[in-house]
Structure formats: structure tokens, C-alpha cells
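Please look over the structure below, and then read the notes on its sheet and helices that follow.

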Amino acid sequence: MRIATGCIGHETNTFSPVPTTIDSFSRMVGDDILKHFGHTRTITGGIIDAADELRVDLVPLLWSFATPARRVEQDAYETLKSEFLNLLSGAGEIDGMALDLHGAMVTEEIEDAEADLISSVREIVGSRPIVVTFDLHANITPDTVKHPDVIIGFDTYPHVDTYERGVEALEILHKTVLGEIRPTMAYRQLPLLMSPPAQCTMRQPASDLVKKLHSLESEEGVVTATLSMGFPFADIQNAGVSVLVTTDGNRELAERKVDEFARHIWSIRETFRMNLVSIEEAIEYANQSAGQPIVLAEGADNPGGGGPCDGTFILRAFVEAGVQDAVVAIIADPESVARAIAAGVGNRVTLNVGGKTDDMHGEPLALDAYVKTISDGVYVRKGPMARGAIDRMGRTAVIKIGGVEVILTEERSQPLDAEVLRSVGIEPKDRKLIALKSAVHYRADYTPIAHEILEVDTPGVHSPNLTNFRYEKLRRPIYPLDPMTEMVDM
């Protein structure tokens, strides 16, 4: 059995000021994909291991991904799509397709790029089965579900189950090719937006939804089920929450179960409310607390959701308040990194830090800083999320202003793994305050060591407060932007 696999991935924040060009995408072809993802707790790592276990001949095509930012330039998408389809056409006879996609990619001309890509793949593979894995933040549209036989989304946020979903996808595809199952998929879209922190499955109510999802999957006749919580920072018609249930050839069961699950989610929609604190409140809490570290999550400037990662609101507040034993991770500022490197470790340097992308995330901050550490910015993840994967932040410098350390990097990079700090000589448990530009993913690695986690309310393109955004293309009415009692989209 020969199964082709590959990825063109992006999570598009249409409000982001950061462009997404062809140079934004990493790119691997053929066996380089197997070498890179082998022995990693990733989606493709799971697909690789399952293929080995089932003695499937895996045919890797193209794997390409870009850090979340604004709409993908159309020429960039067309270039990658053309390369992907050419590789698929030249792969010889295959029995099925395992697509590792994100589910929230928007181009300059296409609101649902995944649907466009899957449709093109279908034209090539014909009736052969296609199984797609999606991120939990996928905006699954009516067009998305037209061509795949099965869609499998992550169950967790932080995404600590990516490997398992890759394994599941390959196993279901294998059974489908052999004719052991006949996947029948039902879909419901809810008139519901959910901010990322509310989607966290490490706490209620999302944790209860995952339990209900797993209970549903254990029922006789159900092959798999997916709750896609959506990506609310894509101003497209079909952004938001959706549900999928796949059965073994039983259309009536699939439709009934997907309807029941969707209505349950709608019934508890008011429980997905946020509890944000101001920076000043967070600092005051830390001053009165005997425990450490206290983690401040700044989701509004999360590069993992399209933030520029150079916001200065928290750094400014820390410096002005004279806080001690504090870390800000990270600020992407190539200019400041270069100046710090030129000054050298152990020397002082004058910098204008951050605030260089736009005026939404804070102005540049003039600092007289001590250069503490210089690094190549390469580290291996050791936390639960994608353990074993290699991250590259570009050249990295740690500067210190009074009691505040700042990790400056050349590249935007979400500091979700504690190895970001440890790789530059900072032990998180030894710090009082740790400010992270991350919405939820950090919780997988930081929850076991954090004394307290506070979600900070700052302006930004990834703000948990969805009323801050001016939507123009999103379908309306939709909760919580509009008062609603009925699921009008059902």
C-alpha cells in the first residue's frame, strides 16, 4: 500500500500587520520530511510511525509552513500549490492521501485555501480516499468538507495530541483503503466565535467538551469526531466553531450525533467568558505573592496567532515599576539583536526596543541595557507539545534593565516551551515574573512549574477580547458579537 503525504500550512490572521510571502514558508521535499519529523511528537511524526507499524509505503511530497501572519500572498500560495500538485502527479500509483493541514489559511483571493487545495488533490487522486488532519483552530467551512473522506482535528489546546492524531489519521486511512470501514462524515457549523484562552482544554468548560467528545468517539459505529473551535482572527464568512462526526457507513447516526453535540456546545456558550487582568493588577499581585514564578500571558501579541511579537506594553510597565527577577519572552527585534551583539556580552548598549512593526502593540522603548547573553537561538523542545522538534529563533540576545531580563530574537517565535528560557541560561523557576507572548500553548510546559498564571489584557491583533475587532466579511449574527438565542446556522 502506497500513501502520499504532505503539507502547505498557515494560520492566517487577517488583522495582522506582518506579511506572508513565499519567503515566509519553510520548505522540505521528499525524504527530507521523513528525516526531519522522524522520532518527533508531531502530526507527521505520528503518520511516519503509523506507516512503519502498518508496513505502508509512505510517499512524502512537500511540507511547507509559515508562522501565522496576515493573508498569504496569492503568488506564494499558487507557487506552493503548483509544486505540491506536480509532486503528487509524479508520485506514481498511490492508494490514498494523508494531508497534514492547518485549516485556517486565507490568501489574498481565497477565504478557504485548504478547500481549494483539497479540491485540487481530489482531481488528481480520483476516488482514492483522502484523510486530512486539522489544527483545533481550523475554520472548517461548507467547502472544506466537500472532498475529504475524513477530517480529524486536534483534541487538545495546548496541542499535545498532534502525534496521536497523525497516527489516527494513517490508521483510519489504512482501514479505508482495505475496505474495512466506509467513512461517512456529518458536519455542523455553529454561529459561534470563541477566543483562544477560552478554548484551553486544560480547564473547564473546554476540558468537559473534550471528555464528551471522547465519549462520543467510543460509541458503536462512530469512527472519529472533531470539535474545531475555530480561529476568530480570520475575518472571513465562515470563521468559528464547527463539529464533525464520522461513522462507519451510517449517515443517520452521523447526522444525529453531530447535531446533538453541536446543540450541547451552543447550550453552554455563555460559560466561555474571559477573566483578563491589567498589567498593573498583575504586578501588584506578584508583589503581594510569596510564590513564583507568576506567568503573565500576553495573548494579544502572540506570534503563534499573527502577532508581530514586538509589543512593548508589558516591558514598559515592568521597567517603570522597577520589578525584580522578571523575564520578558520574547521580543522579535533584529535591529536590537544586531546592536547587542555588536556591543558584546558584559557591555552596555543603548537600544530602541520593540514597537517597530505597527503602532498597535506599543511604541519603541528607549533603554540603556546590559548585554547578558548571546545565542544562536536554536533549541530542542522538551515540553509536552511537539517534543523533539527543533525551533530556530534566529540570533538571540538577552539584555538586562535593572531587574528585568528581555529575550530579543531575530525571528518571531512563540515562547511556548520553557527551553526558550533555559537555552539562554534562564531557569524559569528562579524568576518571580515571566511574561510570555502566548495565548495558551505555554500552559502545557509552564503549568507544572507556575505558582500562578494570569492572562493580561493588552491591545493587539490576537486580543482575547473579540469585540475589539472590526469584522467586515464574517457572517452575522454570530455569538458573542451579537445577542442570540437560536442557532440560526443550524
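How many bridges join strand S10 to strand S18?

## Basis of the model

This is a predicted model, in which local features need pLDDT of at least 70 and side-chain atom pairs count only at pLDDT 80 or more, while totals for chains, interfaces and linings use all residues. Residues are numbered from 1 along each chain as its sequence is written, and side-chain values use heavy atoms, with hydrogens and water left out.

## The open sheet

Strand S10 (residues 294–297) and strand S18 (residues 433–436) run parallel and are joined by four bridges; isoleucine 294 has leucine 433 of S18 as its bridge partner. Strands are DSSP runs of E with at least two residues, and helices are runs of H or I with at least four, numbered from the N terminus; two strands pair if DSSP finds at least two bridges between them.

Both strands belong to an open sheet of eight strands with mixed pairing, ordered S12-S13-S16-S17-S11-S18-S10-S19. Strand S12 (348–353) and strand S19 (452–455) are at the edges with a single partner strand each, so one side of each lacks a neighbour in the sheet.

## Two packed helices

The axes (lines fitted to C-alpha atoms, for helices over the stretch in contact, with angles from 0 to 180 degrees between N-to-C directions) of helix H3 (residues 74–89) and helix H4 (residues 113–125) come within 10 Å and cross at roughly 25°. H3 is therefore roughly parallel to H4, a label for angles under 35 degrees. Where contact means heavy atoms within 4.5 Å, the residues of H3 that meet H4 include Tyr77, Phe84 and Leu88.

Definitions and conventions
Parallel < 35°, antiparallel > 145°, perpendicular 65-115°, else oblique.
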